[in-house]
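Here's a quick briefing to read alongside the model. Have the viewer open, and let's start with a question.

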Amino acid sequence: VRHTLQVASLAILIGAAVGLSDASLSDLGVAAMFHDVGYTMGDVAADKAYAEHPMEATRLLLKQRGFHEAKIRRLLVSLQHHRNYNDDPQPSLFARIVRIADDYDTLTRNRDDGPLMVPPDALSVMNGAAGSFYDPALFQIFVNKLGRYPPGSLVELSDKRWVLSMSGVRSPEDFELPLCMVARNADGSFPEEDVEVDLSTEKRVKI
C-alpha cells in the first residue's frame, strides 16, 4: 500500500510540474494507484508475476463499467509502466511519468534491511538511463522538484550535526537547501525532541 501511495504522490508531483490540469492530475493519480493491481490476481511466483502483472491489471480494469478517456489512461499505464521511453511505439505520457515514480520508489523505499539505494544514488543511477529507460525531459523535471538532497537523504552539516532532508525544492533558489530534521546532535547524541533546520534560512550552517 505504501508503494502505491508513494508512486501516486510522485507521479502527481511530476504531472503538476508539467502543467497538467486538475482533472488530468486526478486521472494520473488514479492510474498510478492502479498500476500494480495485476499483482492481486492469483498466487504466482514473483518473477512470473512481474512479467504478467501488466496484462493481468488490464484484464481486471477492462471489467470496470463504462469506457471513457480516464479508463483508457489507466489501461495504458497498467500495460506500459515498465516499458522504456525509447520503445517503439513510445509509452503514453502517463505511463512515462509512472515509470519514473515507480522505479524511484522501488529503489529508495525502506525494507527490512533498508532501502536498495539512498535517494541521491538512486537519482544518479536513473540519470544514466535518461533517454533510454526514462523520458529525459520528465526525469529532469523530477530531479528539479526533488532537489540535490531529496527527501530521505541523510547529510552532515558544517556544525557536525546529522540531519534528514524532509522537503523537495520549494523555489529555484533552494535547490540545495532543504528543510531538515535533526537526526544526531553534534556530540553524537540523539535529539530528545524534533528539531527542524531550514537550510534556506539558516545561514550559520551548510551541508
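Which residue in β2 is the bridge partner of Val155? It's Val163. Before going on, note that this is a predicted model: local features need pLDDT of at least 70, side-chain atom pairs count only at pLDDT 80 or more, and totals for chains, interfaces and linings use all residues. Residues are numbered from 1 along each chain as its sequence is written, and side-chain values use heavy atoms, with hydrogens and water left out.

**The chain overall**
- The protein chain has seven helices and four strands; helices (H or I, at least four residues) and strands (E, at least two) are DSSP runs, numbered from the N terminus.
- Reading from the N terminus, the elements go α-α-α-α-α-α-α-β-β-β-β.
- Of the chain's 207 residues, 40% count as buried, where buried means under 20% relative accessible area, exposed over 50%, and partly exposed in between (1.4 Å probe, protein chains only).
- The accessible surface of the protein chain is about 11400 Å², with 54% of that belonging to carbon and sulfur atoms; areas come from the Shrake-Rupley method with a 1.4 Å probe, and for residues only the protein chains shown count as cover.
- Take the contacts (heavy atoms within 4.5 Å) between residues at least 6 apart in sequence: 46% of them join residues at least 24 apart.

**The sheet**
- Four strands make an open sheet in the order β1-β2-β3-β4, with antiparallel pairing; two strands pair if DSSP finds at least two bridges between them.
- β1 and β4 (196–198) are the edge strands, each pairing on one side only.
- On average, neighbouring strands of this sheet are turned by 40° against each other, direction ignored; the axes are lines fitted to C-alpha atoms, for helices over the stretch in contact, and angles run from 0 to 180 degrees between N-to-C directions.
- β1 and β2 (residues 162–165) run antiparallel, and three bridges join them.

**Leu154 and its surroundings**
- Leu154 sits in strand β1 (residues 154–156).
- Leu154 counts as exposed because its relative accessibility is 51%.
- Leaving out residues up to four places away in sequence, Leu154 touches Trp162, Val163, Leu164 and Ala183.
- Val118 is 36 residues from Leu154 along the chain, and their C-alpha atoms are separated by 8.5 Å.
- Leu154, Trp162, Leu164 and Met166 form a nonpolar surface patch with about 350 Å² of accessible area together.
- Patches are made of residues with over 30% relative accessible area and no salt bridge: like charges are joined within 9 Å, nonpolar side chains (Val, Leu, Ile, Met, Phe, Trp, Tyr) within 5 Å. A salt bridge is a side-chain nitrogen of Lys or Arg within 4 Å of a carboxyl oxygen of Asp or Glu.
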